Amino acid sequence: MGLFDRFRSGRGAESGRAADLRYLHEWAAQRTGVEAFVEPETSVTPMTVVLVAGDGEWTRRPVAGAAGARRVGEQLGIPVYDVEKVGYPQRMRDHDARRRVERRRALREELGERCS
């Protein structure tokens, strides 16, 4: 028994997966043009799926392997792509760039108000 094994009960992991799946369903239902991009497992993170909406907004959740990612796509009725083969969509990068500009602008405005 490993040091952290007692914190990894099968029920807790399953309920976490169910919560992640429920979140992905809700997220996709509230947006249009959603596609799934499967990210490989790394030494630090499990395999994940990134849902990207038509406007570039995105969210990420762990999935139970490649089959789990395909099931998510089937259940949501959306295409599933391997990010290692196709890369991330440009709209996702554009969305992140817009968000960075918005955060900087908000920070400058907040600092400007404090200095006034």
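1. The side chains of Glu 39 and Arg 60 are joined by a polar contact of 2.7 Å. A polar contact is a pair of N or O atoms within 3.5 Å; within protein, one must be able to donate a hydrogen and the other to accept it, and residues adjacent in sequence count only if both atoms are side-chain atoms. Glu 39 also makes a polar contact of 2.5 Å, side chain to side chain, with Thr 48.

2. This is a predicted model, in which local features need pLDDT of at least 70 and side-chain atom pairs count only at pLDDT 80 or more, whereas totals for chains, interfaces and linings use all residues. Residues are numbered from 1 along each chain as its sequence is written, and side-chain values use heavy atoms, with hydrogens and water left out.

3. Glu 39 lies in strand β1 and is buried, with a relative accessible area of 8%. Buried means under 20% relative accessible area, exposed over 50%, and partly exposed in between (1.4 Å probe, protein chains only). Not counting residues up to four places away in sequence, Glu 39 touches Met 47, Thr 48, Val 50, Arg 60, Val 83 and Tyr 88; contact means heavy atoms within 4.5 Å.

4. Thr 48 belongs to strand β2 (residues 48-52) and counts as buried at 9% relative accessibility. Beyond four places in sequence, its contacts include Phe 37, Val 38, Arg 61 and Pro 62.

5. How many aromatic pairs does the structure hold? There is 1: the rings of Phe 37 and Tyr 81 have centres 5.3 Å apart and planes at 35°, so the pair is tilted. Rings of Phe, Tyr and Trp (its six-membered ring) pair if their centres lie within 6.5 Å; planes under 30 degrees apart count as stacked, over 60 as edge-to-face and the rest as tilted. The pair links distant parts of the chain, with Phe 37 in strand β1 (residues 35-39) and Tyr 81 in strand β4 (residues 80-82), 44 residues apart. Phe 37 is buried at 4% relative accessible area, whereas Tyr 81 is partly exposed at 31%.

6. The charged end of Arg 61 sits over the ring of Tyr 23, 3.8 Å from the ring centre. The criterion is NZ of Lys or CZ of Arg within 6 Å of the ring centre and within 35 degrees of the ring normal.

7. Arg 31 is placed in the loop between α1 and β1 and is partly exposed at 23% relative accessibility. A polar atom of the Arg 31 side chain lies 2.9 Å from the backbone oxygen of Trp 27. Arg 31 and Ala 53 are 22 residues apart in sequence, and their C-alpha atoms are 6.2 Å apart in space. Not counting residues up to four places away in sequence, Arg 31 touches Ala 53 and Glu 57.

8. The chain comprises 4 helices and 4 strands, in the order α-β-β-β-α-β-α-α from the N terminus. Helices (H or I, at least four residues) and strands (E, at least two) are DSSP runs, numbered from the N terminus. Of the 116 residues of the chain, 26% count as buried. Among contacts between residues at least 6 apart in sequence, 54% join residues at least 24 apart.
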